Amino acid sequence: MIISGGTLSTGRVERIPFGLAASNVEAYNRGSLELLDERLAEQHPAMEKGAVWIMHLFEFNDLAHIPASIRQTLLELMESCNRGFRSFNQRAASEAMDQAKQKSCRTIVELGAGVAPLTKLLAEDARQTGIRLVPCDLFPDVASYRALEQSYPGVVKPLYSQVDYSRQHDFGPDALAALVGTFHHIPPKLRKQTLQAITKSAGRVMVFEPLRNTPISIFLVFFSIVPALLLPLFGMGSRGALRRVLLCWLLPVVPCIFLWDGVVSCLRQWSPARWQRELREIAGPTRPPTVTAGIHSLVVSW
Ligand SMILES: C[S@@+](CC[C@H](N)C(=O)[O-])C[C@H]1O[C@@H](n2cnc3c(N)ncnc32)[C@H](O)[C@@H]1O
């Protein structure tokens, strides 16, 4: 087995990724990207295990053994880009809240939440009365979740266990599942079954992608070098200031990784026509999909 770059090996995970507690290693071994690859190999025996990763290119963000400090800084930078330098996250939160109100949803589950940027904005929204906010991830960011749960008791109820959204869950018919900048991480051959799983998991689904697979969107990715170099300045005085100075200035690995992951993320995106085609059967006549494409973003809901 493989991940390009050789970060995972066949068999069990030997080191604890992302600082997970030892008790989570078994879950990680059973529910990780490796498993996705195995499942694919089962369904397509002719395909050599690992081919999925090679075809899907390679993002640092997906690597199991990327140091927690780098992963954390990448997620903070993504939030800074999408909330500070453009209002993508604010628009996503506003549209998710509109949808939740319109469809009388009682829960908004942020899947693949990272540091939970959508939950943060939704919690601040005065319209959220009575709506439970549930951030979760395959690699839950416990510190961010805990801070949000403490700031908004009774409103933010994170899932601290690992939640792989490529598998079916029961969030309920009155739940809205929201995915921000995460669906493109699912390998192409697993996307259909992932869409089926998410569709069955919640009464409504919204996918927000902050990039597109177009030359202009790829070109715009290179401007993210500006927020990447400014991140330590904005974060002065807050938790992780030294880490950001180290990883963005002294040893600028994070700006380089961010640019690479940004370009690969663009190349992994589906076109609006592809989204329509894929969802035609899965969403069914009761949940006709809506696809809205901007120059540098895409929103799909069903
Ligand atoms: C680029 S980050 C985006 C994080 C966050 N949504 C944001 O906008 O800042 C992608 C996130 O998706 C998560 N992820 C990828 N595949 C996943 C899966 N199958 N199940 C749950 N989370 C997943 C990763 O752990 C990561 O936190």
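**Phenylalanine 88**

I looked up phenylalanine 88 and found it in helix H5, residues 88-102, where helices (H or I, at least four residues) and strands (E, at least two) are DSSP runs numbered from the N terminus. The model is a predicted one, in which local features need pLDDT of at least 70 and side-chain atom pairs count only at pLDDT 80 or more, while totals for chains, interfaces and linings use all residues. I number residues from 1 along each chain as its sequence is written.

Is phenylalanine 88 buried or exposed? I noted it as buried, because 22 other C-beta atoms lie within 10 Å; buried stands for 20 or more such atoms within 10 Å of the residue's own, exposed for 12 or fewer, and partly exposed for what lies in between, with C-beta atoms placed from the backbone. Leaving out residues up to four places away in sequence, I found phenylalanine 88 touching Asn82, Pro210 and Ser297, a contact being two C-beta atoms, placed from the backbone, within 7 Å. I also checked histidine 296, which is 208 residues from phenylalanine 88 along the chain, and the two C-alpha atoms are separated by 9.6 Å.

**Helix H6**

I then turned to helix H6 (residues 117-124), which is mostly covered, with six of its eight residues buried. These are Pro117, Leu118, Thr119, Lys120, Leu121 and Leu122. Their cover includes H4, H5 and helix H7 (142-151), together with strands E1 (107-111), E2 (132-135) and E3 (172-180).

**Helix H12**

In H12 I listed Val254, Pro255, Ile257, Phe258, Asp261, Gly262, Ser265 and Cys266 as buried. Seen down the axis of H12, the buried residues fall within an arc of 165°, so they line one face of the helix; the arc is that of the directions from the helix axis to the C-beta atoms. On the other side of H12, I found Cys256 and Leu267 exposed. Among the elements that cover the buried residues of H12 are helix H4 (68-85), helix H9 (215-221), helix H10 (225-234) and helix H11 (241-250).

**Shell around the ligand**

I went through the 20 residues around the ligand, of which Gly112, Gly114, Leu138, Val180 and Thr182 come nearest; a residue is near if its C-beta atom, placed from the backbone, lies within 6 Å of the molecule. H4 gives the most to this shell, with three residues. I also noted that at least three residues come from each of domain 2 (68-85 + 213-269) and domain 3 (87-210 + 285-301), with domain bounds taken from an automatic or database domain assignment.
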